[in-house]
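Here are my notes on this one, as numbered points. Have the chains open while you read.

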Amino acid sequence: MTAAPDRPAPPAGGADPFRHLALSYRDTDGLVASLGPMLDAALARGDVVLAAVDELVRAVIEQRLGDRVPGIVFGEPAQPYTWSGQTTAARRATTLREMTADGRAALVLSDSSAVGAPDAWNVVDASSNLALRGLPVTLVCLCDALRGDAERFLYWNHPELVDGVTASPNPRYRTPDQVLTAMPAPPAPALGPPDHTTTFTGAGALRDVRRVTRARGEEAGLDADRVDGLVLAVGELASNCVEHGPGHGTLSWWTAPGRLVAQLDDPGLMSTTTPGLRCPETRSVRGRGVWLARQLTDLLHLWTGADGTHVRLEIVTRAGN
Amino acid sequence: MTDPPAVLEVDRVSYDDRLELALRGELDNDTLAVAQDQVAAAEADAPPVLVLDLSALEYVGSCGVRLVLLAQHGADAANRRLAVRLGRGPTRRMFDILGLTTRLDVLDRDDPQDPAT
C-alpha cells in the first residue's frame, strides 16, 4: 500500500462529507431513473466516478450515458478483493483518499455481487462506514429488490435510502459497532504449521520482535522501504499486545508464493469491533498503531475468538502477485 | 529472544535562541519514558524554541508521534514554539502517512541540511 495525503476525520459535531446510500431497484428502468440524475450531476461537477457493478448494470449505465461513459472508471477501488472485509474497506479508503486529494469529490457505485456472500458484504459495508469517514465520497450500494436478506443489505449499514430520485434517512440504520458486534470479523483462513514462531513478553522484547521481522522481510526479498514498513507494522501490533493486551504474545511467519504472511496471537480480548479503520484525528495523541499498520501492509485482519485476539498480515513479495 | 532491550540516548544542546534534544537509538514503548523525561526537563526550562531532532533514530514507532504531539500541545499551551527534525527515512515516512508533516514545524521539511530556525 502506498502512503496517501491525510484527510482527517471531521471534527466532532462537524458535517461528514461521506454519504452511504442504498438504492433498491426492481428493474432497469427504475435503476436508470434513480441513477441517471446522480451520474449527470457528478459528471457535470467533474467528480471522480467509479462503478463496481456487474455486466448488466454496466450496460445500463453505458446506454444511459452514451459518449460520457469515458468519464467513469469501471472497477472497485478496493481491488483485488481479499477475504478480509476490513482490508477491503481500508483499501477503499486509501484509494479514494488518493483520488480525492486534488479536491474533487467521488461518486462510487457498488453492487453486492462484487464482494460475494451476504456476511462478507455486511462486514465490508459496516467497515466502510468507518474507513471512509471524513472523505468527500458518496457511496451508493445498488440492491436488486428481488434478492433476499434485504434487511441486512439495505437497512443495517446505509444511513440513507434512495427512493426514486430522493434520498431519505434510514430509521433502521445500525452503527458499525452494532453491526460488527452482531456479526464479528471471522477468523482468517487456516494455514499450515508456521515456518517460524517466536514468543515475546514485555516492552523489553519489542526490539527482538523487530529484529526477527526485519530478517524475515529481507529473506523474502522485500526492498528497503517495504522492510521498514513491515518492521513498523509488526512493531506496532506487538506493542499493542504488550501495552493493551496481556503483555505477551506469539509471532508466527509463513512464506507463500508471492507473499509473506505473519500472525500475532495473544490470549487477551480486543476491546473494539472496529480496529484501525477510522483515520486518526491529527490532534489525537493515541490510537494510530493499527491504522498505521493497515497503511503499511497489503492485508491486515484482526479478530477475537475464545482463545484470544489474533492479527493476520500479508505483504506482497513479488510484483504481479 | 536474546536481544537486549532497545537503547535510547538523548543529547541536549542549548543555543541562544533554542534548546535542542537529539534522539539516537530506538524509540519504542520501552524507551519512551526516557524521552518523555528529557522533554519534560527541557519544557521546565521554558526555552523560546524547543527542537526535537528525530532524524538520527534507528527506529521510531507511533509512540514517537505521541511524544511530539504531547510536546506540541505543551508548547501551544505555553505560547512557545516546538519544531522537529524528521530526516528522510522511515521516521519522516511515518509522519507523512499519518498526515502530520504538514501540521508540524518541520525544520528539515525541504532540506535535510536545514538552518536551525
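1. First, terms: two strands pair if DSSP finds at least two bridges between them. Helices (H or I, at least four residues) and strands (E, at least two) are DSSP runs, numbered from the N terminus. This is a predicted model, where local features need pLDDT of at least 70 and side-chain atom pairs count only at pLDDT 80 or more, while totals for chains, interfaces and linings use all residues. Residues are numbered from 1 along each chain as its sequence is written, and chains are lettered from A and ligands numbered from 1 in the order in which they are written.

2. Look at β12 of chain A, residues 308-316. On one side, β11(A) (residues 299-305) runs antiparallel to β12(A), with seven bridges between them. A:Leu299 has A:Glu314 as its bridge partner, and a two-residue hairpin links β11(A) to β12(A).

3. β10(A) (residues 259-266) is also antiparallel to β12(A), through eight bridges. Here A:Leu264 is partnered with A:Val311.

4. Is β12(A) mostly covered or open? Mostly covered: seven of its nine residues are buried (20 or more other C-beta atoms within 10 Å of a residue's own, with C-beta atoms placed from the backbone).

5. UniProt, in an unreviewed entry, lists residues 205-313 of chain A as "domain: Histidine kinase/HSP90-like ATPase". That stretch is 39% helix and 28% strand, with its end C-alpha atoms 20 Å apart.

6. As for the interface, 24 residues of chain B are in contact with 29 of chain A (C-beta atoms, placed from the backbone, within 7 Å). On the chain B side, α2 (62-77) and α3 (90-97) each supply at least two residues.

Definitions and conventions. Buried ≥ 20, exposed ≤ 12 C-beta atoms within 10 Å, placed from the backbone. UniProt positions renumbered as here; feature names shortened; annotations may be inferred. Contact = placed C-beta atoms within 7 Å.
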